[in-house]
Amino acid sequence: MGFFEKGIDYVKNNPGKVALGAVGVAVGVATGGIGIAIAGTAFGIPAAGTAAMAGALGAAAGGKVDKGMKGDSDKFPYNQGNRW
């Protein structure tokens, strides 16, 4: 199995991680850098750091979504296969 096939299998098995991670990166890039000032001291997080943090949070949330989709089929009846 090649690299491309492994990637496709990962996306099929973890759609929530991939989708919410991509949304998180897009939101992080759109917001740009963040500056924080506390008690007379200031520091900034560049846009790439914001995108990385938002992408990681999105992937973590997507993992919860994927776990829910694979777990209890009563909560997610659309995950039971084609019954039509």
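## Order of helices and strands

Read from one end of the sequence to the other, the protein chain of this predicted model follows the pattern α-α-β-β-α, and its secondary structure comes to three helices and two strands. The helices are α1 (residues 3–13), α2 (residues 15–31) and α3 (47–70), while the strands are β1 (34–38) and β2 (41–45).

## The chain as a whole

Of the 84 residues in the protein chain, 15% count as buried. The accessible surface comes to about 6200 Å², and 68% of that area belongs to carbon and sulfur atoms. When contacts between residues at least 6 apart in sequence are considered, 44% of them join residues that are at least 24 apart.

## Helices α1 and α2

Two packed helices are described by the angle between their axes and the distance between the axes. For α1 and α2 the angle is about 90°, and the axes lie 5 Å apart. Because angles of 65 to 115 degrees count as roughly perpendicular, α1 is described as roughly perpendicular to α2. On the α1 side the contact is made by Tyr10, Val11, Lys12 and Asn13, and on the α2 side by Pro15, Lys17 and Val18.

Three of these contact residues, Tyr10, Val11 and Val18, also make a nonpolar surface patch of about 240 Å². Val11, which is found in α1, has a relative accessible area of 40% and is therefore partly exposed, since that class lies between the limits of 20% for buried and 50% for exposed residues.

## The loop between the strands

Ala39 is found in the loop between β1 and β2, where its backbone has a positive phi of about 50° although the residue is not a glycine. Most residues other than glycine have a negative phi. Ala39 also counts as exposed, because its relative accessibility is 79% and the exposed class begins over 50%.

Technical notes: Residues are numbered from 1 along each chain as its sequence is written. This is a predicted model: local features need pLDDT of at least 70, side-chain atom pairs count only at pLDDT 80 or more; totals for chains, interfaces and linings use all residues. Side-chain values use heavy atoms; hydrogens and water are left out. Patches are made of residues with over 30% relative accessible area and no salt bridge: like charges are joined within 9 Å, nonpolar side chains (Val, Leu, Ile, Met, Phe, Trp, Tyr) within 5 Å. Accessible areas come from the Shrake-Rupley method with a 1.4 Å probe; for residues, only the protein chains shown count as cover. A salt bridge is a side-chain nitrogen of Lys or Arg within 4 Å of a carboxyl oxygen of Asp or Glu. Helices (H or I, at least four residues) and strands (E, at least two) are DSSP runs, numbered from the N terminus. Buried means under 20% relative accessible area, exposed over 50%, partly exposed in between (1.4 Å probe, protein chains only). Contact means heavy atoms within 4.5 Å. Axes are lines fitted to C-alpha atoms, for helices over the stretch in contact, and angles run from 0 to 180 degrees between N-to-C directions. Angles under 35 degrees count as roughly parallel, over 145 as roughly antiparallel, 65 to 115 as roughly perpendicular and the rest as oblique.
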